[in-house]
Amino acid sequence: MVNYIAIPVMTVMALAVPHISDWSPSQVEGWEGYDREGGIIVYCYTAVTMAVLGLLLHFGYHMAVASSVTAASKFTQMILSFFFVYNYAYIYLYGVPTPLSIGVQSGACAGYELYGLLTEIIMWLNGQKRVDMLFHHLTCCIFTSATLAVYCHVSLSDLYFWHIIWDSISRMLASNVPLNFRYFSKGTFGNTLFFIGFLWVRWIEQIPFVGRVYNSYIDGSLMQIESYSTMAVVASWLILCLLNFYWGLLLIQIALGLKGERKSKSKNE
């Protein structure tokens, strides 16, 4: 079934693409000169706080509503993701920098993923094994831990790319609110909200960041990266962008009814 709301939404997004760099403030410049050692401490405190808050929300919701572990996990991840929505909204309402430093934002991401990993372990112990999601949260925890280990040691020139990636990821995580809300709203409204949020935050919003990395490749600065860890982080982020692009194409196909048509054709054949 075609979701006709998707057609005007995609039209507006397409018209917005040429202008996004003019009205999408970047946090990257505001993070120049940031106290890296002090930021690591903030990172650790924020990560622990976010993970503990997630567990409290999870078990509180599970006991209050007597729902499944999956429902409690979706609810908790939705609430935690409002942290990134707040930061995202602040950028557009008041500009940069936001009250949340890179240490707070990256630490919140780490805590979010740590909670997700703990949830998958809990679900595994309860007989609900989701190997893909367990692997996803585990790799995210490894990624954020690697950030903690090397962030203080990379050169200032390399730091530019780290800041691009963290600004990018912080915005991506805002789309997790409609992603998890869709679990509780299984209909056109929930699906449309997720469709808009995903394409806007993980497609449109990422164009300036990809453009910066591309320009760095053109002027040669990308080839002058000094740390292998920075190279690995940039490569991983580019893979994530490609995955988001692929998932976005799948969403568009589903919204336009193309995915369903392909399945029905294969059955008829």
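In helix α8 (residues 176-184), the residues Asn-176, Val-177, Pro-178 and Asn-180 are buried, where buried means under 20% relative accessible area, exposed means over 50%, and partly exposed lies in between (1.4 Å probe, protein chains only). The cover over these buried residues of α8 includes α4, α5, α7 and α9 (188-202); contact is defined as heavy atoms within 4.5 Å. The model is predicted, and local features need pLDDT of at least 70, side-chain atom pairs count only at pLDDT 80 or more, and totals for chains, interfaces and linings use all residues. Residues are numbered from 1 along each chain as its sequence is written, and side-chain values use heavy atoms, with hydrogens and water left out.

The protein chain contains twelve helices and zero strands. Helices (H or I, at least four residues) and strands (E, at least two) are DSSP runs, numbered from the N terminus. The radius of gyration of the protein chain is 20 Å, close to the 18 Å that the globule rule gives for 269 residues, so the chain is as compact as a globular protein of that length. This radius is taken over C-alpha atoms, and the globule rule is 2.2 Å times the number of residues to the power 0.38. Along the principal axes, the C-alpha atoms fill a box of roughly 55 × 45 × 40 Å.

Buried residues make up 45% of the 269 residues in the protein chain. Of the contacts with a separation of 6 or more, 78% are between residues 24 or more positions apart. The accessible surface of the chain comes to about 14,100 Å², and 69% of it belongs to carbon and sulfur atoms; the areas come from the Shrake-Rupley method with a 1.4 Å probe, and for residues only the protein chains shown count as cover.

The largest nonpolar core has 30 residues, of which Trp-166 and Trp-237 touch the most other members. Such a core is a set of buried Ala, Val, Leu, Ile, Met, Phe, Trp, Tyr and Cys residues joined through side-chain atoms within 4.5 Å. Two or more residues of this core come from each of α3 (36-65), α4 (69-94), α5 (102-125), α7 (156-172), α10 (207-219) and α11 (228-255). Helix α7 gives the most, with eight residues. Not counting residues up to four places away in sequence, Trp-166 touches Trp-31, Ile-102, Ser-106, Cys-109, Phe-143, Thr-144 and Thr-147.

Thr-46 is located in helix α3 and is buried, with a relative accessible area of 16%. Beyond residues up to four places away in sequence, Thr-46 touches Gly-103, Val-104, Gly-107 and Ala-108. Val-48 also lies in helix α3, but counts as exposed at 52% relative accessibility. The C-alpha atoms of Val-48 and Tyr-112 are separated by 9.3 Å, although the two residues are 64 residues apart along the chain. Ala-64, likewise placed in helix α3, counts as exposed at 68% relative accessibility. The C-alpha atoms of Ala-64 and Gly-54, ten residues apart along the chain, are separated by 15 Å.

In the loop between α4 and α5 is Pro-97. The peptide bond from Val-96 to Pro-97 is cis, with omega near 0°.
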